[in-house]
Structure formats: structure tokens, C-alpha cells
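Here are some friendly notes for a first look at this structure. Please keep the 3D view open while you read, and take the points in any order you like.

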Amino acid sequence: MSVLAFDLGASSGRALLGSLENGRLTVQEVHRFANDPVHTGKHMHWDILRLYHEIKQGIIKARQQGLAFRSIAIDSWAVDFGLLDKNGELLGNPYHYRDHQTDGVMPKVFAEISESELFGRSGIQFLQFNTIFQLYAMRQRGAVALEQAEQLLMIPDLLRYYLTGERKSEFSNATTTQLYHPLQQDWDRELIERLGLSPDLFAPVVMPGTIVGQLRAELAEELDVPVCPVIAVAEHDTGSAVAAVPATGGPFAYLSCGTWSLMGTEVHTPVLTERARELNFTNEGGVGGTFRLLKNIMGLWIIQECRRIWVQEGQDVSFAGLVELARAEPACVSYIDPDHDSFFNPAHMPAAIQAYCRETGQPVPQTQGAIARCVMDSLALKYRYILELTAELADTSFAGLHMVGGGIQNQLLCQLTADAIGKPVWAGPVEASAIGNILVQYMALGEIATIRDARQIAAESFPVDVYEPQEPAVWNAAYTAFLQVTGLSGQA
């Protein structure tokens, strides 16, 4: 019998059925739906009840198609959360991580607890949308929802609570809050209290592969399906994606490529050094008690926002069309730092890219193709920069780079990445988060013994495209220019 995985991304969600037979995994999409943020007043929210509705629709569609399943699990993005009152009811719609409520909050937190101490206690990189900064912003403005809250649940925890009635926090997502102490292996209660919050707000933490509860009987009756286990997998989607990386040898580097690009490696002990803090790396929980030493990179969000603006302006172009326009442009003309603050959530992304190039004394891209090529070249070069730093912090070397996720459908970006890093890129699988979700469900059910076995199954079940590096002299020169233009040369 199969298992049902819900994989929620920042722009869409999907339900996929995974079936394991004779050591091979097959995956079938059952339901796909949009996940659009909602602007109301000054704030940006997630439509959490719509997501819950779509999860129920996915269960119904699986049943209608005659597809039986043994268990259910959910993975999603990190840092965002819902608050429950004393009756277990949701207090308002969860805020979106791109909401501006956290603007200017980080320095205020650092005035109460230093960056060095906070990193040493959490091992998590400093991003203004981290849960710790969202909660501080809410406390600072006297948010009624926070004052009335009895429980905080991360997005997949909250949806799992709706399915089961059980309140548990899953490890991989709990670590992203910057309020979890990886060495104590629990919520950092002292830190939470110092920030004026109650430790009782945070639910007990369970590890990936834990059966948290059963589908509520009344919900199973509503959906006309049998009661089945609901499993906490690696509920941070990157944690699930890394579980599906088809690496069967020694140390490996990965790039989970989508709206965000997340690059790193897997370690057994968090890297809490001052150098890791200076470079703003993070140590997020993984499967089997591991940690993902990684760095967030802005990713294809930049291209997505460019396209959104062009569509609004009547210049409709598909993502595939943008890739082809970029392919026709000359390589390595202008560069941006994808992680510059000006690209986080600008009103007009193409104008922000042009302004960056103008202000750094470079040729200013004018056409859609030139702008897209600038972004893709810059992403590939930023990947090289982060890959080299990852190897330094992990004290290891990598033979190449595993790329997974929807972004690998951009074959130009995969080739440019191989060119930039000067090493092979192994691209696949595309649906890595959902596949990792499925593999960990089978681990929880006793069908797969270890994460190594799970990765072997992924390697034997899904195709991997290999991209070999080309024109090393051109790209080495481009890397030098990129570091100088972006100001990263002094940080390497």
C-alpha cells in the first residue's frame, strides 16, 4: 500500500502518492493547488485554512482515484507559524515571512542578546524573517494574538494538528526558529524567557519519522477514508529534499533549488564556530539526528518576480521562454549579489537589478533576456562561493554538487552552475521534497531501515542528469570579477 505526501511550497502545493515495491519507488501526483499569499491592511499572510482545505481535497482525490494509502505526512517552508488560544482555536492568519513586520527588528534583539551568543545557542543564521524576530516584533507592538496564545505550531505542525488533534513540534522545523538549542536537544527555555516569551508556548519536539497520531475519526468519516497514521517527517521541505539526495558515497554537497536556493552538506554535529557565524551559515535539523550545515541563497525568486512584473506590464513570457532568451545572451556581462537586501522584496525587481548594475559601474541589462542572464550567471557564481565556504566549514572536499528540486528543470542554470564551480553537477530528482517525505514515511513504517538505504532507493528509482563543466578559464575570470563587483572578495 502507498503513502500520501503533501509538499507545500511558497507558491504552490501538491499531493503525491508514493509506492515502494522491490526496492523501487514510484511517485504519482494526485492533486496540485496554488498557495498565494494574501495582503490585508499593512500585512501579508498565508491562507492557512485554504491550505487545509486543499489537503482534504488531496485525500478525497486519492480516494476517488481508488488509491489506498497507509499514512499521511506534510512538509512545508520554515519559520512561519500559527498561534492557538486556550480552546485550541487559531488566533488569526499566520504571517508570511516576507511581511514587513520584522523590518528593523534584528538590531533590537541583538541589543538584548549578542549575535555571538545567539548563534552559539542556536547555530542558526540571521535572517530577518526567522521565527525569533517575528515573535519579538509581535511582542514589541503588543499583538493581541501573541498575548492570548497558549501554543505555537509551525505551519506543518498546525496542519498536522488539524488532521490529528495532536500538538507536537517536529525537529527539522523547530531548529529554524532560532529558539531551539541543538546541544541541549530541546527548546532554549532560558533564551525564550529572556525575550519575554513563555516556554510553555512551544510544543514538545519529535524527531523525523515519528508517528504523531491518527487521522481524526470524524475527519476520516467526512472524507470517507480509513483512519491511518499521520507521520512527522522532516517537515522543513529542505530537510525532506536532503533526505532524497541520491548520494551513496562519502561527504556530499547539495543544492535544493527553487524559489529559494539552499546549499550545504550534512554533518552529525552542528558547526558553531565564530567563522560559521561570521559567514552567516546555519545548522538546521535533519533526518537521523543529523544537521544540515547550509546557507540560504535568494534563488529563483528573483526570476519569478521579474516575470511577475513583466506580466503586469503586458510583456508576458513563460519561464521556459525566459531561459531561452537568457541562453541567447552573452555570458558573464553583468553580475548581482542575489542576497543583496535590495532583492528581498522590491516593488519592481527588474528595476532593482538595473539599479544595482548601474551603481556598481557595470553594463546595465536592458532586455528580458539580458536581465535573466545576469541573474542566472550571478546565481551560478554565488553557488561557487557558498560551495567553497561549505567545504571550508565542514573541513572536507566535494567531488561535485547534487542539485535537486523544481529549479533543476532550468537546464541552463544547471550547466552554468557546473561551469561556475568547475565540477560536475548531478541534477535530480525534481520532486525531492515530496520524495524525501515519502521515504521517511516508509522509514517510520519499518519498510526502510536507514537514511542511507533511503538514498540508495532514490538513486535507483529516479533519473539523474549529469552536467560537466566547460570553459574553466572564462568562468574563473568571471568568478574573480563577480567577487569584486559584489564585495564578497573580502569575505571569502
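**Notes for a first look**

1. Start with Q441, which sits in helix 17, residues 432-444. Please bear in mind throughout that this is a predicted model.

2. Is Q441 buried or exposed? Q441 is buried, because its relative accessible area is 0% and the cut-off for buried is under 20%. Its side chain makes a polar contact of 2.6 Å with the side chain of S71, and the side chain of Q441 also reaches the backbone nitrogen of I72 at 3.5 Å.

3. Beyond its neighbours within four places in sequence, Q441 is in contact with V3, L4, A5, S71, I72, A73, I231 and V233.

4. The peptide bond between G428 and P429 is cis, with omega about 5°. As background, most peptide bonds are trans, and most residues other than glycine have a negative phi.

5. V79, in the loop between strand 6 (69-75) and strand 7 (81-84), has a positive phi near 70°. N280, in the loop between helix 11 (274-278) and strand 17, has a positive phi near 60°. V79 is buried, with a relative accessible area of 6%, and N280 counts as buried at 18%.

6. Now for the sheet: which order do its seven strands follow? The order is 17-18-16-15-19-20-21, in an open sheet with mixed pairing. Strand 17 (282-285) and strand 21 (465-467) are the edge strands, each pairing on one side only. From one strand to the next, the twist averages 30°.

7. Within that sheet, strand 16 (residues 261-267) and strand 18 (residues 291-297) run antiparallel and are joined by seven bridges. To find one of these pairings in the viewer, pick V267, whose bridge partner in strand 18 is F291.

8. Finally, trace helix 15, residues 368-394. With 27 residues, helix 15 reaches 38 Å from its first C-alpha to its last, close to the 39 Å expected at 1.5 Å a residue. Helix 15 is mostly covered, as 24 of its 27 residues are buried. After helix 15 comes D395, with a positive phi near 55°.

Conventions. Residues are numbered from 1 along each chain as its sequence is written. This is a predicted model: local features need pLDDT of at least 70, side-chain atom pairs count only at pLDDT 80 or more; totals for chains, interfaces and linings use all residues. Side-chain values use heavy atoms; hydrogens and water are left out. Two strands pair if DSSP finds at least two bridges between them. Helices (H or I, at least four residues) and strands (E, at least two) are DSSP runs, numbered from the N terminus. Axes are lines fitted to C-alpha atoms, for helices over the stretch in contact, and angles run from 0 to 180 degrees between N-to-C directions. Buried means under 20% relative accessible area, exposed over 50%, partly exposed in between (1.4 Å probe, protein chains only). A polar contact is a pair of N or O atoms within 3.5 Å; within protein, one must be able to donate a hydrogen and the other to accept it, and residues adjacent in sequence count only if both atoms are side-chain atoms. Contact means heavy atoms within 4.5 Å. The expected span of a helix is 1.5 Å times one less than its number of residues.
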